Every structure is written in C-alpha cells, then in structure tokens.
Amino acid sequence: MEDIKQGKLAQELDFVSHHVRTKLDELKRQEVNRLRTLIKAKHDLEGGNDIAVDHQALLKQFEHLNHMNPHTFEVEDLDRLIKSATNDLENFDKERHEEFKRYEMMKEHDRREHLKTLDEEQRKKEEEHYEEMKKKHADHPKVNHPGSQNQLKEVWEEADGLDPEDFDPKTFFNLHDTNGDGFFDEQELEALFTKELEKIYDPTNEEDDMVEMEEERLRMREHVMNEVDSNKDRLVSLDEFLVATKKKEFLEPDSWETLEQNQAYTDEEMREFEEHLAQQEQDLNQRTVDLQKQREELERQQEQLNAQKVELQQAVEHMERLKSEKVEPPPEVHVEGNADPEVHAADNQLHPDQEAHPPGHQEIPQHHQDTPQEHQEQHNQDLPQQGQPQGHHDGLPNQQNVAQDQHNLA
C-alpha cells in the first residue's frame with residue numbers, strides 16, 4: 001500500500017502492452033472532455049448570476065489527471081489517479097459521519113419545532129411517547145463486539161449453518177471472501193454484521209430508524225478495519241485476519257456501545273446547528289420578499305407593455321380601416337379673393353353692364369360687393385341715420401340705381 005501511495009506502482013505503466021496504453025489514452029481524452037463540459041456549464045451558470053468564478057476550485061476537478069497533457073495517459077496520470085482515489089477513500093467515512101450528524105440534529109430540531117405547535121397536554125403526551133420509543137429501541141439482545149470470536153461464531157452458526165464448536169478462522173475467511181480475491185473488502189466485512197444489526201433494528205418498528213442502522217454498520221466496519229487492517233490498505237488479507245484471531249481483543253472483547261449509547265452530536269453542536277438554521281430561514285425570508293418585489297415590478301411593467309400593445313393594435317386597425325375605405329377628398333374650387341363664386345355668377349347675370357367701368361369710376365373693393373338684396377337692406381338702414389335721401393357717394397349706388405336693380409330683379 002505504501003508503494004501505491006508513493007507512486008511506485010505508476011512506474012509499471014511503462015511495461016504494459018501497446019493496446020492497453022491506446023485504450024488508456026482514449027479514456028483520458030473522454031474524461032478531459034467530460035470535465036471541460038462540466039466546467040463550462042458551471043462557469044456559464046455562475047457567470048449568469050453575476051457570481052465570481054473560482055477558477056482554482058474548477059481546476060481541482062482535474063487533480064486526478066494531468067490536464068496540461070489532454071491526449072495521452074502517462075505515468076503522472078496514473079500516479080495522480082491513485083492518490084486521488086486514496087484520498088477519496090480516506091475522506092469517505094468522515095463525510096458519512098458528518099452527514100449522519102446533520103441528519104440526527106435535523107431530526108431533533110424537527111421534533112422540538114413540532115412540540116412548539118402543541119398545547120401543554122399534547123406536548124406532555126408527545127414527550128412521554130418519545131421516551132417510550134427510546135426505551136423500547138434500547139431493549140434488545142446483547143450485541144457482540146464486531147470482529148470478535150463470539151460475533152464470528154454467531155455468523156458461522158446462524159448464517160453458515162455450522163457447529164460453533166467447529167469454528168475455524170481460515171475456513172470462515174474462505175466462506176465469506178465472496179469474490180475469492182483473498183481479501184475482505186469493506187462490503188464483505190459489512191455483510192458480516194447483518195445478524196448483529198438485526199438485533200437492534202427492525203424496519204417494521206416505529207422506534208427503529210434504518211438510517212441509524214446503516215450508520216451502525218459503518219461504525220462496526222470502521223472498528224474492525226482499525227483493529228485488523230495492519231497495513232491500512234482498506235483490505236483485510238487472510239494473514240491479517242488470522243493474526244487478529246489470536247489477539248486478546250478477539251477472544252475477550254470489550255462491550256460494544258451502540259448508537260443510542262453514543263449521541264452523534266454535542267449540545268454545543270446542536271445549538272450552533274439551530275442558529276445556522278435560523279439564519280438560513282431569515283435569509284430565505286428576505287429572499288422571498290425581494291423576489292416578491294421583483295415579481296410586482298415585472299407585473300407592473302407587463303401591464304404597461306400590454307397597454308402599449310393595445311394602443312398599437314388600435315392604431316394599426318384604424319390605419320387598416322382608412323386604407324380599406326379609400327376615402328378621396330372632393331375636388332378643390334379655386335376662386336379669387338373671399339367672394340362666393342355663386343354670388344359672382346349672380347352678379348354677372350344681374351349686372352352685365354358693370355363688366356366695364358366708365359372712366360374715372362372707382363372700383364368697389366371685392367369685400368364690399370354685396371348681393372342686390374344685401375345692398376337694399378344696407379341702403380334702407382342708412383336712410384334713417386342720414387335723415388335724407390343720399391345720392392351716389394363714395395362709389396355706392398344712389399336711389400335711382402337701387403330702383404333699377406329692383407326692376408331687374410323683378
């Protein structure tokens with residue numbers, strides 16, 4: 001294992017056949033393309049939200065490969081891959097424990113929040129029920145120490161159907177090395193603890209949590225690995241197993257403390273967790289308010305756009321209506337001055353002798369030329385004001401001319 005961690009195994013890559021190297025080159029190119037696609041997608045997503053992109057964090061995704069050479073799989077790539085995989089395995093259990101701790105704290109938080117919604121009597125009943133379930137869960141048969149002689153003999157008898165008096169470590173190892181590679185891996189070890197876990201957890205019981213059961217299985221496997229895996233390669237060889245069966249801890253183990261005897265979190269961790277949840281809730285509420293304001297603003301803008309759209313539609317319909325009617329303006333009549341052309345026509349018929357004026361006759365301005373009737377009315381209005389008949393004065397017709405006009409009208 002130390003040779004693997006130190007990169008000595010990677011040197012063996014130089015001795016593999018050509019077709020293996022060719023396949024490794026192709027796999028590396030596929031992996032590099034996959035990572036580039038993921039990084040681009042992440043970059044686009046974060047850039048769209050105006051969030052600064054952490055390029056160093058993105059490059060960490062390439063730590064298991066030499067991204068400076070994206071085309072061929074070399075010794076450095078194998079070395080990086082081994083170190084990355086080893087690091088992942090070492091961190092796996094730690095991450096699992098942290099995840100379980102958060103799960104337990106959230107479960108307790110939800111229980112407390114539920115109690116706040118109850119009245120005094122209901123809260124008392126709920127607390128009593130909770131304590132009853134805890135007590136019921138803790139009431140189970142003795143759990144053997146994982147990896148001990150008693151625990152393995154129980155598997156030998158109940159799972160393998162063999163006489164516990166005939167227990168043989170080497171035979172037991174060969175029976176449970178299911179893939180026959182000469183090692184107990186983590187999955188094969190965890191399978192050995194199923195009988196012990198069934199003593200504590202039953203999926204049909206209200207008080208038993210299957211998430212807790214898997215955490216208990218993980219704790220058992222970790223304990224055996226720490227006790228038996230002497231070279232820390234996360235595998236238990238036959239030799240390591242046989243050596244462990246001769247230790248005092250195998251023959252006379254200490255009692256095993258289950259999860260109900262070991263709370264996953266401290267009171268301080270629970271307090272910090274709830275404070276973090278409260279802050280998250282506050283942030284979410286503020287975010288909700290901001291989003292509501294944005295929604296209202298967008299709705300207001302939409303209303304304005306709809307109103308403008310309606311106005312534009314009305315204008316288009318009006319233009320289309322005018323276009324379909326094809327309304328043409330009446331022909332224009334050109335006249336001189338402000339006189340009515342019909343009046344001129346009548347004047348021309350009534351006064352043909354006025355087309356030519358005698359010498360010295362002053363032409364009446366066009367705006368003073370009235371119809372005969374209007375001329376008579378104006379003359380009758382002037383008589384009372386003057387008190388005497390007036391003759392031809394200032395270019396206006398006298399009484400004799402008026403009489404002649406009346407005669408012509410008749």
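Trainee: Which residues does E157 touch, leaving out those up to four places away in sequence?
Mentor: E157 touches L162 and P164. Contact here means heavy atoms within 4.5 Å. This is a predicted model, so local features need pLDDT of at least 70, side-chain atom pairs count only at pLDDT 80 or more, and totals for chains, interfaces and linings use all residues. Residues are numbered from 1 along each chain as its sequence is written, and side-chain values use heavy atoms, with hydrogens and water left out.

Trainee: Where is E157 found?
Mentor: In helix α6. Helices are DSSP runs of H or I with at least four residues, strands are runs of E with at least two, and both are numbered from the N terminus.

Trainee: How far apart are the C-alpha atoms of E157 and F167?
Mentor: They are separated by 8.7 Å. Along the chain, E157 and F167 are 10 residues apart.

Trainee: And E154, buried or exposed?
Mentor: E154 is buried, at a relative accessible area of 15%. E154 also sits in α6. Beyond four places in sequence, E154 touches N144, A159, K195, E196 and K199.

Trainee: Which residues of α6 are buried?
Mentor: Q151, L152, E154, V155 and W156. Their cover includes α7, α9, α11 (238-244) and α12 (248-251).

Trainee: How do α6 and α7 pack?
Mentor: At an angle of about 60°, with axes 11 Å apart. α6 covers residues 149-158 and α7 covers residues 169-176. The axes are lines fitted to C-alpha atoms over the stretch in contact, and angles run from 0 to 180 degrees between N-to-C directions.

Trainee: What is the hand of the crossing?
Mentor: Left-handed. That term applies if the near helix is turned anticlockwise from the far one by less than a right angle, and clockwise would be right-handed.

Trainee: Which residues meet there?
Mentor: From α6, L152, V155 and W156. From α7, T171, F172, L175 and H176.

Trainee: New topic. What does K199 form with E196?
Mentor: A salt bridge, with the closest N and O atoms 3.1 Å apart. A salt bridge needs a side-chain nitrogen of Lys or Arg within 4 Å of a carboxyl oxygen of Asp or Glu. K199 and E196 are both buried.

Trainee: How many residues apart are they in helix α9?
Mentor: K199 and E196 are 3 residues apart in α9 (residues 194-200), so about one helical turn separates them. An α-helix has 3.6 residues a turn, so residues three or four places apart point the same way.

Trainee: Which residues does helix α4 pair 3 residues apart?
Mentor: E104 and K107, about one turn of the helix apart. Their side chains meet in a salt bridge at 3.6 Å, N to O. E104 is buried at 14% relative accessible area, while K107 is partly exposed at 34%.

Trainee: What about E269 and K101?
Mentor: Their side chains meet in a salt bridge too, at 3.0 Å, N to O. The pair links distant parts of the chain, 168 residues apart. E269 lies in α13 (residues 267-325) and K101 in α4 (residues 75-116). E269 counts as partly exposed at 26% relative accessibility, and K101 as buried at 16%.

Trainee: How many salt bridges does the structure hold?
Mentor: It holds 27.

Trainee: On to D185. Where is it found?
Mentor: D185 is in the loop between β1 (183-184) and α8 (186-191). D185 is buried yet has no salt bridge. R221 is the nearest side chain of opposite charge, 8.8 Å away. Lys and Arg count as positive, Asp and Glu as negative, and His and the chain ends are not counted.

Trainee: What does the D185 side chain reach?
Mentor: The backbone nitrogen of E188, at 2.8 Å. Not counting residues up to four places away in sequence, D185 touches N179, M225 and L235.

Trainee: What does the secondary structure come to?
Mentor: The protein has 16 helices and 2 strands. Of its 410 residues, 26% count as buried.

Trainee: What share of contacts join residues at least 24 apart?
Mentor: 62%, among contacts between residues at least 6 apart in sequence.

How values were computed: Buried means under 20% relative accessible area, exposed over 50%, partly exposed in between (1.4 Å probe, protein chains only). A polar contact is a pair of N or O atoms within 3.5 Å; within protein, one must be able to donate a hydrogen and the other to accept it, and residues adjacent in sequence count only if both atoms are side-chain atoms.
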